[in-house]
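Please describe this model with attention to its open spaces, one of its sheets and its overall dimensions.

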Amino acid sequence: MAKLSRNWGPLHPVADETERLAKSELPRERQLEIYRYLKLNRMTEDRLSNLYRQGKVVGGLYSSRGQEAISVGSAYALEPQDIVGPLIRNLGTMFVRGVQPREVMMQYMARADGPTGGKDVNTHFGDLQRCLVAPISMLGALIPVMAGIALAGRMQKKNLVALTYIGDGGTSTGDFHEGLNFAAVLNVPFVLIAEHNGYAYSTPTSKQMRVKNIVTRAAAYGIPGEMVDGNDVLAVYEATKRAVERARSGGGPTLIEAKTFRMRGHAEHDDAGYVPKEMFEEWKKKDPIERFERHLLSSGLAVEEDLKKIVAEIDEELNREVDAALASPMPPAERAFEGVYSEVTK
Amino acid sequence: MITYIEAIRQAMWEEMEQDESVFLIGQDIGIYGGAFRATAGMLERFGPERVIDSPISESAMVGMAIGAAMMGMRPVVEMQFIDFIACAFNQIYNFAGPNHYRWGQNVPLVVRGPSGGGVRGSNFHSQNPESIFQHGPGLKIVAPGTAVDARGLLKAAIRDPNPVLFFEHKFLYRRIKEEIAEGDGLVPIGKANLARTGRDLSVITYGAMLHVALEAAGRLEADGIDLEVLDLRTIKPLDDEAILATVRKTSRVIVLTEEQRSGSVAGEVAARISEHAFEWLDSPVVRLCCPDTPIPYSPTLEDAYLPNVDKLVAKVRELASY
């Protein structure tokens with residue numbers, strides 16, 4: 001079992017050594033807002049789990065449990081004009097960008113009023129008004145596409161940065177290489193966050209690559225790379241902020257590697273029996289939300305009551321969101337045939 | 001009089017002059033002006049921001065263009081040879097094609113490049129892979145057979161809000177010359193052109209095979225066989241109306257295309273005729289295509305592989321007496 005963990009074990013010393021979070025100048029209100037997004041991410045997924053068990057989710061359900069700090073911390077570092085392409089485990093990113101939980105619930109339940117009207121699944125929706133791009137299931141494909149968004153943004157003088165994510169498994173694709181290389185050559189304002197969560201479905205990182213750290217690959221593209229504790233939301237925020245500012249000021253792309261751990265299976269149906277139990281136990285101690293709670297309390301930014309109040313508000317909000325999502329009907333059958341082509345003329 | 005390749009260059013040049021969102025990505029398109037000179041002079045005129053030399057990364061070229069297109073730009077990607085479009089299959093087929101249906105976002109993208117054989121290019125510089133993409137929802141596919149159409153269709157493709165694959169025929173690049181009228185000369189995507197009217201038998205075709213059909217028609221006049229030639233021009237979406245109209249007129253059809261026969265555009269055209277005009281037919285719908293082999297290099301082998309005037313004339317005579 002030790003063999004499986006060799007790739008990232010040494011980078012994650014025992015829990016108490018990584019307990020302290022990165023230094024951040026973020027004021028109290030903003031840190032509490034980050035806390036709210038983290039909890040919203042996790043509590044929405046808990047609600048989705050319930051809906052899944054009730055048979056209301058039509059397809060598979062994907063969890064970002066344990067990885068919420070990466071989504072929330074990185075999205076929180078963006079400016080309003082920046083454009084982001086979240087993947088399946090980046091629900092928190094979507095919330096920071098203004099997506100409502102009911103939209104995600106309706107997508108999972110294939111309802112008529114969901115953002116794609118039942119045409120596509122789970123988090124596969126986008127809205128450029130909200131600076132969100134939808135992914136496709138083929139991992140890596142979004143990397144050149146988001147680099148193209150960054151290129152267009154530069155041509156249009158929009159002063160924007162494009163950001164997307166990739167998993168450890170997704171770094172093995174050709175598009176990871178082609179996209180990052182082309183982005184580097186063109187020096188476009190682009191940030192790629194590699195979420196190193198140990199497993200791609202059942203395949204451990206040791207079977208994806210011989211390098212220990214994904215971030216070493218940045219050197220191959222001649223771009224800056226930064227490794228960050230993905231379970232420290234402030235560290236992710238600060239690292240992303242540095243990368244985004246560099247990109248915006250003409251410094252080109254950055255590859256950030258965020259070390260974390262996938263605390264569920266690939267999807268809800270997968271019990272992750274191939275993951276050694278002690279790994280879950282070890283990583284549970286480093287839970288990013290509990291760590292952030294301890295930080296807020298110990299640094300005097302919040303008292304128990306503050307956090308309880310936030311949780312209670314989210315709980316109430318999610319009651320309304322679930323009701324609204326369940327009230328939406330299934331789409332009318334004729335919608336299946338509509339919208340293949342855009343009819344909008346120039 | 002301008003050549004087919006000059007018509008393509010003009011179309012891009014003029015669209016870039018009048019719309020600053022139009023830009024080019026491709027390999028060796030800058031200082032070199034493109035392997036076939038389709039972008040000659042463009043770097044000097046429009047600068048490196050709009051004439052982007054790419055690494056050998058077809059997937060990233062198309063991916064980049066998709067991202068830019070979603071932002072309202074009008075990228076035109078050059079495949080140095082259209083055979084290499086295979087390396088960008090996922091971006092075209094899974095990203096660009098379904099995007100509007102999936103989440104309502106336009107992808108006004110053009111991927112263009114030289115297709116086709118007859119130039120001894122061997123297997124990786126001679127292909128006609130259009131039928132592979134014909135299967136993909138959300139894509140449009142264009143394959144002009146004349147210089148006028150190349151210019152007008154490329155302009156229409158650049159202005160279209162959907163991803164358009166533009167299959168040029170390299171055999172035609174410098175072999176045909178035509179008079180180009182003043183103005184945009186837009187040719188609508190989705191409309192076939194009746195290239196020759198006739199009574200006896202219809203040849204439905206596109207690309208370089210158009211010229212094979214027209215030459216065969218001239219030769220068959222002596223036999224008293226009057227060929228009608230329909231140039232599809234757009235392969236997706238097909239112009240069903242024009243296809244069915246010519247079938248109803250002549251009742252005998254050969255679908256002539258330069259692709260391997262199995263899973264071909266020709267097969268799709270034949271199927272539509274069988275479904276919608278069976279009662280009008282006096283003979284089976286015949287496909288004259290390439291065999292299901294890779295494309296051979298040696299002239300004797302490639303000539304055996306490609307349809308030509310002799311093969312078409314023989315097939316017409318056979319079918320006329322069915």
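## Basis of the model

This is a predicted model, in which local features need pLDDT of at least 70 and side-chain atom pairs count only at pLDDT 80 or more, while totals for chains, interfaces and linings use all residues. Residues are numbered from 1 along each chain as its sequence is written, chains are lettered from A and ligands numbered from 1 in the order in which they are written, and side-chain values use heavy atoms, with hydrogens and water left out.

The largest pocket holds about 480 Å³ of space. A pocket is here an open set of points on a 1 Å grid over the protein atoms alone, where a 1.4 Å probe fits, with protein on both sides within 12 Å along at least five of seven lines, and lining residues have an atom within 4 Å of a point; points are joined across faces, edges and corners, and the volume is the space filled by probe spheres set on them. Of its 26 lining residues, A:Leu87, A:Ile88, A:Arg89, A:Leu139 and A:His266 are the closest to the centre. The lining divides into 12 nonpolar, 10 polar and 4 charged residues, where Ala, Val, Leu, Ile, Met, Phe, Trp, Tyr, Cys and Pro count as nonpolar, Asp, Glu, Lys and Arg as charged, and the others, Gly among them, as polar. β2(A) gives the most to this lining, with 3 residues.

The second largest pocket, with about 350 Å³ of space, is lined by 19 residues, of which B:Phe171, B:Met209, B:Val212, B:Leu306 and B:Pro307 are the closest to its centre. Helix α7 of chain B (residues 209-221) supplies the largest share of that lining, 4 residues. Helices (H or I, at least four residues) and strands (E, at least two) are DSSP runs, numbered from the N terminus.

## A parallel sheet in chain A

In chain A, 5 strands form an open sheet with parallel pairing, in the order β1-β2-β3-β7-β6; two strands pair if DSSP finds at least two bridges between them. Because β1 (83-85) and β6 (225-229) of chain A each have a single partner strand, they stand at the edges, and one side of each is left without a neighbour in the sheet. β1(A) is joined to β2(A) by 3 bridges, and A:Gly85 has A:Thr164 in β2(A) as its bridge partner.

## Form of chain B

Chain B has 11 helices and 14 strands, and its C-alpha trace spans about 60 × 40 × 40 Å along its principal axes.
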